[in-house]
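Here is a briefing on one protein model, grouped by topic.

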Amino acid sequence: QEAEADTPVTHYDMKDVEEVGLVKFDFLGLRTLTIIHWAVDAINERRQRGDEAPMTIDALPLDDPGTYKLLKRCDTTAVFQLESRGMKELIKKLQPDCFEDIIALVALFRPGPLQSGMVDDFVDRKHGRAEVTYPHEMLEPILKPTYGVIVYQEQVMQIAQVLAGYTLGGADLLRRAMGKKKPEEMAKQRVVFEQGAAGNGIEPAVATAIFDLMEKFAEYGFNKSHSAAYALVSYQTAWLKAHYPAEFMAAVLSSDMDNTEKVVEALRDCARNRVRVRNVSINEGDWYFRATEDKQIRYGLGAIKGVGHAVGEMIAQARESGGAFSDLNELLSRMELGKLNRRVLEAVIASGAADSLGPNRASLSAFIAEAMRGADQQQRDGASGQGDIFGAAQVVAEAPGCPEKPEWPPLTLLKAERDTLGWYVSGHPVDAYRKVLDGFTSVRIGELEGKVPERARRDDPPLLLAGQIVAMRQRNDSSRFVAIEDGSGRIELAFFGEVFTASAPLLINDEILVVEGQVSIDRFSDQPQMRVKRAWSVAQACGQFARGLRIALNECGAEAITELKRILAPYRGGPAVVRVQLMRPEGPVQYQLPDTWRVAASGELKDLIELLPGVEKVELHFPRSAA
């Protein structure tokens, strides 16, 4: 208490501060400023390598065509203030082509302007669909940048000054009175305004109408200086994304490493913009995401769940000082085992970051205990002065190698990546069904680009798509929006009414879904969206679309015929023709079962048949694969 006596702090609330004549300042800490700083540092490192002059973010020209092109196509994920669905819709309507438009975007995207119809009026006037008019000819210089619409609080103040002779301080009092809607104060201000306007030769009826208009828009008006400051940061981030996407997105990913959902969203945006994010690796990655070259980013070690900052920095520093790690033994010998414990090591291996240290992830995982025991013994010997006569390097060289084991099944490996990174790296769960799905689906999701109409029409042919459910949001009790991915792309599905009711049991996170419906471009995200008509699980879809089931039996398979009929019986009534090839000494014999034995040929049925003795091969045939 005594030490702080020389530096007293007095705390007033906002209104008290203003009452005693002090100025109130709000200081906002924006993560975006850190992102810009990181991105500019990375860009200047790259420019220095190419003998280019360094860039300065404050010196950017505000009329860059590439930046406005990015804005117009709504590619604004990670762009400050402009990345929400609603804002993207407004951007699509407005099509900003100057810095004043960005200032207006920030000011207009609020409930008041959006609900009042003011935004639509602004957009229509900008694009010439409505006439630009002014309440009085003297107001054209003030309202021309906003097409005759009062958008900013400063415009209210300027109108009062120009038409009614207000001082700057008096105009600010008028702005406050309008914003707070105090009837007594407003009545006084109306008299002052009309008297001042009369002194400038403005008719009373016109002055009254303009005051009413000001009062209406003051309710929605936004502080332009605030909006302009935000718009500048918006423009700077849009410029960085347009011209240096790898450096900018690496900074965005690094700033959100503690939020897996945001990391995944940014990774999807990288994929859409063809920015390659290379796999995580302890022999190449740093703690943060890093742009390695044009349109390439190296995954950051800090994005691995369970790996703390101290461990990530320790790995990076050890690699920088002693070179790349050759195997698991060497990695552990150069680490503090108190920090790189078993749990952390398991996460590193599961993510794929240690792939260069052994035969595969299953082998590395099984070898952890033995490798850690050896490293622990080596470090304890070193601490007690009992060193090998050939030194630590010889101890590492003679440590037992990592025995090779069969790799984890593909789905296990992918799940491990998803659990540690929030993202699939080495493949996608849909790949396990790819051969079957390609037999009847219309197209892969990533191939939809450029082939989807702006609006779906009733006579458009429906498409069949398949993907894993990765996100769901429910609008009300009778509808749901579901996002699916197949490794090539992502699409949002809209389920309404009876379709939603019928499909609800299938809508489970991480499940593989097959859907049929009409695809169009979503006006919010500018991405493909399907209005679903029907949905199936993969097994149900196989039963629905398979047109043939071919069973190959060896010479012992004749004994399985009776059992085969028993297995087929519950599946009868489907569209798939059953063909049996029986190998006999004199040669193969082909049989086609009667149409009464057509079945719903699901993957489940295929698995059951494959268990029968004498069965060599079972194949499902689909319209395209059969053709």
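On a 1 Å grid over the protein atoms alone, a pocket is an open set of points with protein on both sides within 12 Å along at least five of seven lines, while a cavity is a set of points where a 1.4 Å probe fits but cannot get out; lining residues have an atom within 4 Å of a point. Grid points are joined across faces, edges and corners, and a volume is the space filled by probe spheres set on the points. The model is predicted: local features need pLDDT of at least 70, side-chain atom pairs count only at pLDDT 80 or more, and totals for chains, interfaces and linings use all residues. Residues are numbered from 1 along each chain as its sequence is written, and side-chain values use heavy atoms, with hydrogens and water left out.

**Second largest pocket**

- The second largest pocket has a volume of about 840 Å³.
- Its lining counts 21 residues, and the closest to the pocket centre are Met14, Glu18, Arg175, Arg176 and Lys180.
- Helix 1 (14–19) and helix 10 (168–180) each supply at least two lining residues. Helices (H or I, at least four residues) and strands (E, at least two) are DSSP runs, numbered from the N terminus.
- Helix 10 gives the most to this lining, with six residues.
- By class, the lining has six nonpolar, four polar and 11 charged residues. Ala, Val, Leu, Ile, Met, Phe, Trp, Tyr, Cys and Pro count as nonpolar, Asp, Glu, Lys and Arg as charged, and the others, Gly among them, as polar.

**Cavity**

- A search of the whole structure finds one cavity of 30 Å³ or more.
- The largest cavity has a volume of about 40 Å³.
- Its lining consists of Arg434, Leu437, Asp438, Thr441, Val443, Arg444, Leu465, Ala466 and Asp486.

- Four strands form an open sheet in the order 11-10-9-12, with mixed pairing. Two strands pair if DSSP finds at least two bridges between them.
- Strand 11 (587–592) and strand 12 (615–621) stand at the edges, each with a single partner strand, so one side of each has no neighbour in the sheet.
- On average, neighbouring strands of this sheet are turned by 15 degrees against each other, direction ignored. Axes are lines fitted to C-alpha atoms, for helices over the stretch in contact, and angles run from 0 to 180 degrees between N-to-C directions.
- Strand 9 (residues 548–553) and strand 10 (residues 572–584) pair in the parallel sense over six bridges.
- Across this pair, isoleucine 551 stands opposite valine 580 in strand 10, and leucine 553 has leucine 582 as its bridge partner there.
- Strand 10 and strand 11 pair in the antiparallel sense over six bridges. A hairpin joins the two through two residues.
- Valine 580 has tyrosine 591 in strand 11 as bridge partner, and arginine 579 has glutamine 592 in strand 11.
- Helix 26 (residues 603–610) lies across strand 9 and strand 12, running at about 165 degrees to strand 12. Contact here means heavy atoms within 4.5 Å.

- An open sheet of three strands has the order 1-3-2, with mixed pairing.
- Strand 1 (276–278) and strand 2 (290–293) are its edge strands, each pairing on one side only.
- Neighbouring strands of this sheet are turned by 35 degrees against each other on average, direction ignored.
- Strand 1 runs parallel to strand 3 (residues 296–298), joined by three bridges.
- Arginine 278 has arginine 298 in strand 3 as its bridge partner.

**Salt bridges**

- The count comes to 43 salt bridges, each a side-chain nitrogen of Lys or Arg within 4 Å of a carboxyl oxygen of Asp or Glu.
- In one of them, the side chains of lysine 126 and aspartate 97 meet at 3.1 Å, N to O.
- The pair links distant parts of the chain, 29 residues apart: lysine 126 is in helix 7 (residues 118–126), and aspartate 97 is in the loop between helix 4 (85–94) and helix 5 (99–108).
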